[in-house]
Amino acid sequence: MNYICSKCGKTAATTTRAAKCACSGLWKLAYSPPKFDLSLIDQTTWSIFRYRAFLPLTEETWRDISLGEGLTPVIQFTEDVLLKMDYFMPTLSFKDRGAAVLIAHCKAIGVHSVVQDSSGNAGNSVAAYCAKAGIDCEIFVPEGTSPKKIDMIKAHQARVNIIPGTRDNCADACRAKVDTEGKYYANHVYNPFFYEGTKTYMYEVYEQLHRIPATIFVPLGNGTLFIGIVKALEEFLASGIIEKMPHIIAVQSEYCDPFVKAVLAKDKLPAAVIPKPTMAEGIAIGIPMRGQEILEYTYRHNIEMITAPEDRILEARMALAAKGIYCEHTTAATYAAYLQYCELNGKTADCLIPMCGAGLKSDH
């Protein structure tokens, strides 16, 4: 199996330790799964690896690495809203989907030590799965990251570096270590194996509901869940199990919205923005590294881009909690965006919204 450079088209074996192509382009995975069919799901496996027939796994390392991630319920929250409870995960975040597949791959190719940068959740997931796999792990987080997320990362025996400045500064510091020390970059943005894990979000929705809801809301920062969702839906189209793409609405922070601005201008690259402090820290990405790829998906499928109103995030979080759903602020931002969207556009029925992170992780 090979990687393909998204910039120059060069190929490299997936055993490579290079985080990207020599031309600086990010890797895509040269992998086409079989047509999606419910009969190919392993009903005896209680994790995302029940879908391994559609995952690019060549070894059985997942058996020793899985922590039981996935199979999160879809609940009816209101008449118009379904919630996919993706913080019902080993590390309380949807990022476990991607980390499980990525670290299974790392184990399969003999990686012994990794580094990663994160606003907290992805770092926590990678640290947990590295702990299970016996892989040395070092995580970089930006200042202001929730102390509880940092405590969880440390509990998994990973080293933590707290970097001054923005989330983008944190990524720069980590990538500098990758460049100078040759560490394996187990990153949820660079490594395409991560998206092979997050696409199982949509697999589960289809298996659970036997259909796809009409409108899919998804938070968008680096695109970890966004790309996974679109990949899965494209697979469903190719398999003939859906006839058209649902209406996808991607949500950015009002204070960090490079994709919203790019779409308004019909640009092919994310707009240059200066992020301002936001409660939606998980999607506050000023320089999304897969920005061009995300915009290609956006224009191909007429995906709508909106922002979450900063002054309504706490209100949305309280509204969710008042009905038993205690999520983190970034997750509440997606619900805040949904509420505002309905105010502006009228009743929007049959909506699916992900509950990406548990509330206790983001309480400061």
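# Briefing on the predicted model

The loop between β5 (81–84) and α2 (96–108) contains Leu 92. This is a predicted model, in which local features need pLDDT of at least 70 and side-chain atom pairs count only at pLDDT 80 or more, while totals for chains, interfaces and linings use all residues. Residues are numbered from 1 along each chain as its sequence is written, and side-chain values use heavy atoms, with hydrogens and water left out. Helices (H or I, at least four residues) and strands (E, at least two) are DSSP runs, numbered from the N terminus.

**Residues with positive phi**

- Leu 92 has a phi near 70 degrees, which is a positive value in a residue other than glycine.
- Leu 92 counts as partly exposed because its relative accessibility is 30%; buried means under 20% relative accessible area, exposed means over 50%, and partly exposed lies in between (1.4 Å probe, protein chains only).
- Gln 157 is not a glycine either, yet its phi is positive at about 70 degrees.
- Gln 157 is placed in the loop between α4 (147–155) and β8 (159–163), and it counts as exposed at 69% relative accessibility.
- His 210, which follows α7, has a positive phi near 60 degrees.

- Helix α7 (residues 200–209) is largely enclosed by the rest of the structure, because eight of its 10 residues are buried.
- The buried residues of α7 are Thr 200, Tyr 201, Met 202, Tyr 203, Glu 204, Val 205, Tyr 206 and Glu 207.
- The axes of α7 and α8 come within 7 Å and cross at roughly 50 degrees; axes are lines fitted to C-alpha atoms, for helices over the stretch in contact, and angles run from 0 to 180 degrees between N-to-C directions.
- The two helices α7 and α8 are therefore oblique to each other; angles under 35 degrees count as roughly parallel, over 145 as roughly antiparallel, 65 to 115 as roughly perpendicular and the rest as oblique.
- On the α7 side, the contact (heavy atoms within 4.5 Å) is made by Tyr 201, Met 202, Tyr 203 and Tyr 206, and on the α8 side by Leu 225, Ile 229, Ala 232, Leu 233, Glu 235 and Phe 236.
- The residues of the contact of α7 with α8 comprise nine nonpolar, no polar and one charged; Ala, Val, Leu, Ile, Met, Phe, Trp, Tyr, Cys and Pro count as nonpolar, Asp, Glu, Lys and Arg as charged, and the others, Gly among them, as polar.

**Helices α8 and α10**

- Helix α8 (residues 224–239) and helix α10 (residues 291–300) have axes that come within 11 Å and cross at roughly 45 degrees, which makes α8 oblique to α10.
- Phe 226, Ile 227, Val 230, Lys 231 and Glu 234 of α8 make this contact with Glu 293, Ile 294, Tyr 297, Thr 298 and Arg 300 of α10.
- The contact of α8 with α10 divides into five nonpolar, one polar and four charged residues.

**Helices α11 and α12**

- Helix α11 (residues 313–321) and helix α12 (residues 329–345) pack at an angle of about 95 degrees, and their axes are 8 Å apart.
- α11 and α12 are therefore roughly perpendicular to each other.
- The contact involves Ile 313, Leu 314, Ala 316, Arg 317, Ala 319 and Leu 320 of α11, together with His 329, Ala 332, Ala 333, Tyr 335 and Ala 336 of α12.
- Nine nonpolar residues, one polar and one charged make up the contact of α11 with α12.

**Individual residues and their surroundings**

- Ser 125 lies in helix α3 (residues 121–133) and counts as buried at 0% relative accessibility.
- Not counting residues up to four places away in sequence, Ser 125 touches Thr 91, Ser 93, Lys 95, Asp 96 and Ala 99.
- Gly 25, in the loop between β2 (11–13) and β3 (27–29), is buried with a relative accessible area of 4%.
- Apart from neighbours within four places in sequence, Gly 25 is in contact with Cys 5, Ser 6, Lys 7 and Lys 20.
- Pro 275 is found in the loop between α9 (258–265) and α10 and is partly exposed, with a relative accessible area of 24%.
- Apart from neighbours within four places in sequence, Pro 275 is in contact with Asp 168, Tyr 255, Cys 256 and Gly 286.
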